[in-house]
Amino acid sequence: MTGTWEALSDPTRRAIVEHLACEELTAGQVAALFDTARPGVSRHLRVLREAGVVEAQALGQRRVYRLAPSALDDVEQWCRDVRTFWGQRLDALDTEIARGQRVRRRSRDD
């Protein structure tokens with residue numbers, strides 16, 4: 001998963017992934033979306049490909065890029081784990097706050 005996080009750490013690569021989540025694009029179409037020179041976009045696509053985030057299919061002289069089907073599974077699982085971790089702690093905090101409020105009300109009523 002480290003390679004995935006490193007690949008997604010760059011805002012341009014994240015934007016590329018967002019575009020590829022909507023549709024397959026050739027390298028030229030991806031390059032046209034950015035003010036970056038084509039070699040820079042090619043480097044971004046290479047990083048994403050090597051990390052397994054995108055796949056490329058050669059069609060003649062062109063390469064068509066698509067989001068890899070399971071590319072973000074590890075990231076999604078990590079997010080679920082973190083949400084579960086914090087969800088449990090926030091639930092416990094809510095319980096403690098409610099107890100404290102009940103104790104304060106009781107002491108005022110006495």
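Glutamate 55 has arginine 66, in strand S3, as its bridge partner. The two strands involved, S2 and S3 (residues 62–67), pair in the antiparallel sense over 6 bridges. Pairing requires at least two bridges between two strands as found by DSSP. The model is predicted: local features need pLDDT of at least 70, side-chain atom pairs count only at pLDDT 80 or more, and totals for chains, interfaces and linings use all residues. Residues are numbered from 1 along each chain as its sequence is written, and side-chain values use heavy atoms, with hydrogens and water left out.

The open sheet contains 3 strands in the order S1-S3-S2, with antiparallel pairing. Strand S1 (25–26) and strand S2 (54–59) are at the edges; each has a single partner strand, so one side of each lacks a neighbour in the sheet. Strands of a sheet pair through backbone hydrogen bonds, either parallel or antiparallel.

Overall, the protein has 5 helices and 3 strands. Helices (H or I, at least four residues) and strands (E, at least two) are DSSP runs, numbered from the N terminus. The order of elements from the N terminus is α-α-β-α-α-β-β-α.

Leucine 20 belongs to helix H2 (residues 11–22). Leucine 20 is buried, at a relative accessible area of 5%. Buried denotes under 20% relative accessible area, exposed over 50%, and partly exposed in between (1.4 Å probe, protein chains only). Beyond residues up to four places away in sequence, leucine 20 touches Leu25, Val54, Tyr65, Arg66 and Leu67. Contact is defined by heavy atoms within 4.5 Å. Valine 54 is 34 residues from leucine 20 along the chain, and their C-alpha atoms are separated by 8.2 Å.

At chain level, the radius of gyration is 23 Å, whereas a compact globule of 110 residues would have a value near 13 Å. That radius is taken over C-alpha atoms, and the globule rule is 2.2 Å times the number of residues to the power 0.38. Along the principal axes, the C-alpha atoms fill a box of roughly 85 × 25 × 20 Å. Of the 110 residues, 25% are buried. Among contacts with a separation of 6 or more, 50% involve residues 24 or more positions apart.
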